[in-house]
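Biologist: I'm new to this one, so could you walk me through it while I look?
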Amino acid sequence: MISAPTRSDFYPPIEPYQTARLVLDDVHTMYYEQSGNPHGVPVLFLHGGPGAGASASHRQFFDPAFYRIVIFDQRGAGRSTPLGELVDNTTPLLIDDIERLREKLGISRWVVFGGSWGSTLALAYAESHPNRVMALVLRGIFLCQQSEIDWFLYGLKNIFPEAWRKFAGHLPEHERNNILKAYYALITDPDPAVHIPAARAWSVYEGSCSSLIPNEMIVANFGSDRVALGLARMESHYFMNDIFLPENYLLDNIGRIRHIPTTIVQGRYDVVCPIVSADDLARAFPEAEYHIINDAGHSAFEPGTRAKLIGTMERLKSRFG
């Protein structure tokens, strides 16, 4: 038996050994990359948002000598094209995209690692294709419930009133009783002079609330055009359409995946995806390991959350090595 490693810090930056594009349909083309060990245990990283896209730092959660690290940008996000495209962009299609990528890469089964919206998509994918998932590592749980969307749009003002005032203040006062509808109209306006400031206001709002201690680097990343346009357009689109899943779908179908080794990591003070959702998931899924990080908010990069995620991937090496 291999003893559990104690590593808790990021691995050094690495470059992919493959970057490529996969045509999904007449509209969408996926960016994907592989790094680490081409013959290692496959791990799929699912980014948040929807629409946030992946970054080079996401490779650093995984031991590149052990894992075959697969990262892609979801429809409308990051380096996938067209950026911010809403046509043919739904949760079931994202699940199909993951399967197409798995088949393209000749992978039979993989570890699926996702946080925030990535946890949503990881659960939805695993429930659709449980025989393709070796293990789940989930962070910052989002279950697609209307109460979670309402909290994001209105409840955050109880914790981050100054960030919420800037967010709501981008709208005329008479439109603030339906923030989602009003923002969606601005973000989908064809005029860049309208949709870019609205997208940036939405995205910076989320970034400003994502860490326990204010983090200017996170906020700056959320304010960049690529992240802001992808995130704001995708999130408002998915929220307007109830995430393209029936209410309570993920919990109602948890029985399909209770045999899959699963770890849940949740910041106690995560206000973007409040801990009540992780608690609901842990109670519905008692077989899962559930770790509460008492000095963390939403971001995967906060020290305690980062350490637990990396430590979890280290422990999985003894299971699959």
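Biologist: How many disulfides does the structure hold?
Modeller: This is a predicted model, and the structure holds zero disulfides. Cysteine 144, for instance, is in no disulfide, and the nearest cysteine sulfur, that of cysteine 273, is 9.7 Å away.

Biologist: And where is the closest cysteine sulfur to that of cysteine 209?
Modeller: The closest one is in cysteine 273, at 12 Å, which is too far for a bond because a disulfide needs the two sulfur atoms within 2.5 Å.

Biologist: Is cysteine 209 buried or exposed?
Modeller: Cysteine 209 is buried, with a relative accessible area of 2%, and cysteine 144 is buried as well, at 8%.

Biologist: Switching to helix H6, which residues does it run through?
Modeller: Helix H6 covers residues 192-208, 17 residues in total, and from its first C-alpha to its last it reaches 23 Å, close to the expected 24 Å.

Biologist: What covers the buried residues of H6?
Modeller: The buried residues include His195, Trp202 and Tyr205, and among the elements covering the buried part of H6 are helices H3, H4, H5, H7 and H8.

Biologist: What about arginine 233, where does that lie?
Modeller: Arginine 233 lies in helix H8, and although it is buried it has no salt bridge, since the nearest side chain of opposite charge, glutamate 85, is 5.6 Å away. A polar atom of the arginine 233 side chain does lie 3.0 Å from the backbone oxygen of isoleucine 187, and residues that arginine 233 touches include Gly84, Leu86 and Thr188.

Conventions
Residues numbered from 1 in each chain as written. Predicted model: local features only at pLDDT ≥ 70, side-chain atom pairs only at ≥ 80, totals over all residues. Heavy atoms only, no water. Helix = DSSP H or I, 4+ residues; strand = E, 2+ residues; numbered from the N terminus. Expected span 1.5 Å × (residues − 1). Buried < 20%, exposed > 50% of the residue type's maximum accessible area, 1.4 Å probe, protein only. Contact = heavy atoms within 4.5 Å. Lys, Arg positive; Asp, Glu negative; His and termini not counted. Salt bridge = Lys/Arg side-chain N within 4 Å of Asp/Glu carboxyl O. Polar contact = N/O pair within 3.5 Å; in protein donor to acceptor, adjacent residues only side chain to side chain. Lists of a residue's contacts leave out its neighbours within four places in sequence.
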